[in-house]
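Here are some notes for a colleague who is meeting this structure for the first time. Please read them with the model open.

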Amino acid sequence: MGKLLLILGSVIALPTFAAGGGDLDASDYTGVSFWLVTAALLASTVFFFVERDRVSAKWKTSLTVSGLVTGIAFWHYMYMRGVWIETGSSPTVFRYIDWLLTVPLLICEFYLILAAATNVAGSLFKKLLVGSLVMLVFGYMGEAGIMAAWPAFIIGCLAWVYMIYELWAGEGKSACNTASPAVQSAYNTMMYIIIAGWAIYPVGYFTGYLMGDGGSALNLNLNYNLADFVNKILFGLIIWNVAVKESSNA
């Protein structure tokens, strides 16, 4: 019943938001990317919640969080694409509200995938949460003009590097070494996404605020949309894959 309501609510919401979005120019590749990511996020949300029935109890929370990440992002992308199409300006506030909710949830996924397979200290989650919040706060301050773009960029990148260290060589890696081969494989793949996929965000920031005469809102949002697609959807699919494998072997 809950899944039916989720799908029904999504379908009902689509025409309402789509009607207020204005016309989409065929040459507006950034606008096209907003629409593609919006549709992909909705499909992923439905998929993750439906697939919860295929996995064992200890993996259901991980898939629920994956569905929440894409569901929250889908909701905000409805508004972000409208801002872009109607004004041509970056939906900075909407985007950072989305990230403030979804980035800590993505970080939580690392903790959950380890907790489902082995013992992991709660301090790991706290460290990752603090790192993600520092990264987001200074990123927003740089984009909103509250502080200079370069210092905000550097501090945000340092927080990102700190999280990579904790996951690659710190408590996260220590816990991963005691997990099953399937979990270790998924964890390592997620690490590559954190390194390569999350690198798209600073690239977008650089092209939008630090390159040339203020950069380009087109490049900024195109990079951010690509990053959200990779880091929210692909991240969840990796967790779904290991959850199905581990559940079938249980």
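1. Start with Glu51. At 11% relative accessibility, Glu51 falls under the 20% limit and so counts as buried. This is a predicted model. Glu51 pairs with Arg54 in a salt bridge, with 3.0 Å between the closest N and O atoms.

2. How many salt bridges does the structure hold? There are four. As background, side chains of opposite charge can pair when their charged atoms come close.

3. One of these salt bridges joins Asp228 to Arg95, where the closest N and O atoms are 3.4 Å apart. Asp228 lies in helix 10 (residues 217–249) and Arg95 in helix 4, so this pair ties together parts that are 133 residues apart in sequence. Asp228 is buried, with a relative accessible area of 0%, and Arg95 is buried at 2%.

4. Asp228 also forms a salt bridge with Lys232, at 2.9 Å from N to O. These two residues are both in helix 10, four residues apart, which is about one turn of the helix. Lys232 is buried, with a relative accessible area of 1%. Which residues make up the network of salt bridges? Arg95, Asp98, Asp228 and Lys232 are linked in it.

5. Helix 3 (57–87) and helix 4 (92–115) each supply at least two of its residues. Helix 4 gives the most, with four. Leu101 is in helix 4 and counts as partly exposed, at 41% relative accessibility.

6. A search of the whole structure finds two cavities of 30 Å³ or more, and the largest cavity holds about 280 Å³ of space. Its lining has 17 residues, of which Tyr96, Met135, Gly139, Tyr201 and Pro202 lie nearest the centre. Helix 4, helix 5 (122–144), helix 6 and helix 9 (200–210) each supply at least two lining residues. Which helix gives the most to this lining? Helix 6 does, with five residues.

7. Helix 6 (residues 149–168) also holds Ile164. Is Ile164 buried or exposed? Ile164 is buried, with a relative accessible area of 16%. Leaving aside neighbours within four places in sequence, Ile164 is in contact with Ala169, Met191, Ile194 and Ile195. Ile164 and Met191 are 27 residues apart along the chain, and their C-alpha atoms are separated by 7.7 Å.

Note on methods
Residues numbered from 1 in each chain as written. Predicted model: local features only at pLDDT ≥ 70, side-chain atom pairs only at ≥ 80, totals over all residues. Heavy atoms only, no water. Buried < 20%, exposed > 50% of the residue type's maximum accessible area, 1.4 Å probe, protein only. Contact = heavy atoms within 4.5 Å. 1 Å grid on protein atoms, 1.4 Å probe; cavity = no way out; pocket = protein on both sides within 12 Å on 5 of 7 lines; lining within 4 Å. Points joined across faces, edges and corners; volume = space filled by probe spheres on them. Salt bridge = Lys/Arg side-chain N within 4 Å of Asp/Glu carboxyl O.
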